[in-house]
Amino acid sequence: FDVELNIEPGLSFYIDDGEKNLWFGNESGVITTALVGSYDQVNGTLDMAHSRYHHHGVIDIESAFALSLTSDAPLNELTVLVKPFSIETLLNTYIPSDAHNELLNKLEKWKLSGLLGVDYRSDDEGVGLNVSLESIDIHKDYDEQLRINGLSGELRWSNRDEPLQSVLGWRSAMVQSVALGPAKFAIRSRNGLIEIDKITLPMLPRGELRIMDIRCEACLDPERDIRLAARLTPTPIHSIWRITGSDGAPVDGIVETEMPGIRYHQGTMELDGAMSINLFGGEIRLDQLVMEEPGGLVPRLSGDISISGINLEELTGTYDFGRITGRIDGYVNDFELVDWQPVRFDAALYSTPDDDLPKRISQRAIDNISEIGGASGALAGWYLSFFKEFRYAAIGISCRLEQDVCDMSGLDPQGDTFY
């Protein structure tokens with residue numbers, strides 16, 4: 001058979017699903033559809049040598065396939081070639097404005113533009129996919145959760161034994177209001193595996209996030225397995241804090257960290273081993289870190305944190321709490337955050353044993369600590385107001401949060417209170 005159909009401008013119709021979200025229209029440009037093939041009724045095979053859907057100025061798709069209707073695996077060969085097209089033009093042409101808005105809401109307000117092309121081929125030897133991108137802009141319009149500008153290059157993937165090389169990069173990007181500079185990275189694919197040696201993301205205005213040894217197995221499968229390691233060079237805390245979606249960081253300063261291994265599988269991201277963060281002259285270690293639905297509306301984060309040798313003068317000097325000198329250790333065990341809000345943890349902070357730094361605390365810091373313990377002003381009588389700072393022997397405070405109740409304690413319990 002050899003069939004060709006031309007649709008002139010002016011024809012349109014809805015597939016009415018109650019909301020008229022599915023729509024086909026041709027307001028401009030001729031649409032040409034063509035089918036060339038043969039059907040073998042005896043063997044039950046359909047050989048589509050060539051098919052084409054060409055909407056002038058919008059999209060051009062060519063395909064070919066071989067189908068065995070009597071086989072358990074009916075599709076023997078498939079080739080689909082989508083010539084580079086404008087994503088924005090395609091959406092505006094095939095989805096009317098009222099339905100377009102409804103669909104965007106369902107897709108959490110994703111906005112796409114730029115040129116996209118696809119070349120897909122499968123046969124007895126395997127599957128190959130080549131995606132070309134030119135000046136792609138991706139914008140998730142929800143508190144600047146995600147924005148990528150100028151994504152260009154190609155992604156070549158195959159489950160065949162032949163290795164493939166490709167390059168992708170973008171002009172600029174933003175994640176949770178954290179600005180990322182331009183990036184470019186080389187990609188290798190072989191036997192269904194995608195590997196990238198390193199991606200360097202400039203964290204504007206200062207710092208770099210270096211992602212190394214990226215491996216993605218079964219990348220086209222919903223059960224895909226992604227593994228990587230990462231290092232964050234010295235970066236302002238407020239840049240990192242924006243990732244949580246909060247307005248401002250509770251403290252200021254510089255942070256750097258090593259992440260030896262991260263795995264993403266079935267919507268869950270896990271940390272392999274411990275992650276070390278150098279901050280305020282000390283170290284914070286995160287262990288057994290697990291994040292569920294990291295890109296979802298209600299992410300969940302759990303794990304353990306240990307704190308060692310934090311310089312209190314550097315810490316308290318970053319915000320209006322009051323001056324404290326010395327060092328502290330501590331922990332936050334079995335913590336869980338839901339939508340970045342704490343729902344459970346067992347935490348304690350206490351003076352570092354055998355600390356050789358001077359231990360001094362200001363009157364303002366005493367007042368603030370007393371308020372945390374529910375004894376506002378208890379240590380701030382009129383006779384103490386003549387002094388701006390005091391020496392101290394040790395600091396300690398703990399809190400166990402469970403079911404919205406924080407059970408607090410200190411160094412030395414005294415009846416119903418503590419110090």
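Because the model is predicted, local features need pLDDT of at least 70 and side-chain atom pairs count only at pLDDT 80 or more, while totals for chains, interfaces and linings use all residues. Residues are numbered from 1 along each chain as its sequence is written, and side-chain values use heavy atoms, with hydrogens and water left out.

The protein has five helices and 30 strands, taken as DSSP runs numbered from the N terminus (H or I with at least four residues for helices, E with at least two for strands). Of the 419 residues in the protein, 37% are buried, a term that stands for a relative accessible area under 20%, with exposed over 50% and partly exposed in between (1.4 Å probe, protein chains only). Among contacts with a separation of 6 or more, residues 24 or more positions apart account for 46%, contact being defined as heavy atoms within 4.5 Å.

The second largest pocket has a volume of about 210 Å³. A pocket is defined on a 1 Å grid over the protein atoms alone as an open set of points where a 1.4 Å probe fits, with protein on both sides within 12 Å along at least five of seven lines, and lining residues have an atom within 4 Å of a point; the grid points are joined across faces, edges and corners, and the volume is the space filled by probe spheres set on them. Its lining consists of D119, R121, G128, L129, N130, R156, W157, S158, R160, E162 and L164. The elements that give two or more residues to this lining are β8 (110-123), β9 (126-140) and β10 (146-158).

In soluble globular proteins, nonpolar side chains tend to be buried together. Leaving aside neighbours within four places in sequence, L209 is in contact with I199, T200, L201, M203, A230, R231, L232 and M259.

The structure holds one aromatic pair, where rings of Phe, Tyr and Trp (its six-membered ring) pair if their centres lie within 6.5 Å, and planes under 30 degrees apart count as stacked, over 60 as edge-to-face and the rest as tilted. The ring centres of W170 and F185 are 6.0 Å apart and the planes stand at 75 degrees, so the pair is edge-to-face. Since W170 lies in strand β11 (residues 164-170) and F185 in strand β14 (residues 183-190), the pair ties together parts that are 15 residues apart in sequence. W170 is buried at 15% relative accessibility, and F185 is buried at 9%.

W170 is also one of the contacts of I148, which, with neighbours within four places left aside, touches I136, D137, I138, W170, S172 and A173. I148 is found in strand β10 and is buried at 14% relative accessibility, and its C-alpha atom is separated by 7.8 Å from that of I136, twelve residues apart along the chain. A173, in strand β12 (residues 172-175), is buried at 9% relative accessibility. Beyond four places in sequence, the contacts of A173 are R147, I148, V178, A179 and L180, and the C-alpha atoms of A173 and I138, 35 residues apart along the chain, are separated by 9.1 Å.

Two residues other than glycine are noted for a positive phi. D213, in strand β16 (residues 208-217), has a phi of about 50 degrees and is exposed, with a relative accessible area of 54%. F280, in the loop between β20 (275-279) and β21 (282-292), has a phi near 50 degrees and is buried at 9% relative accessibility.
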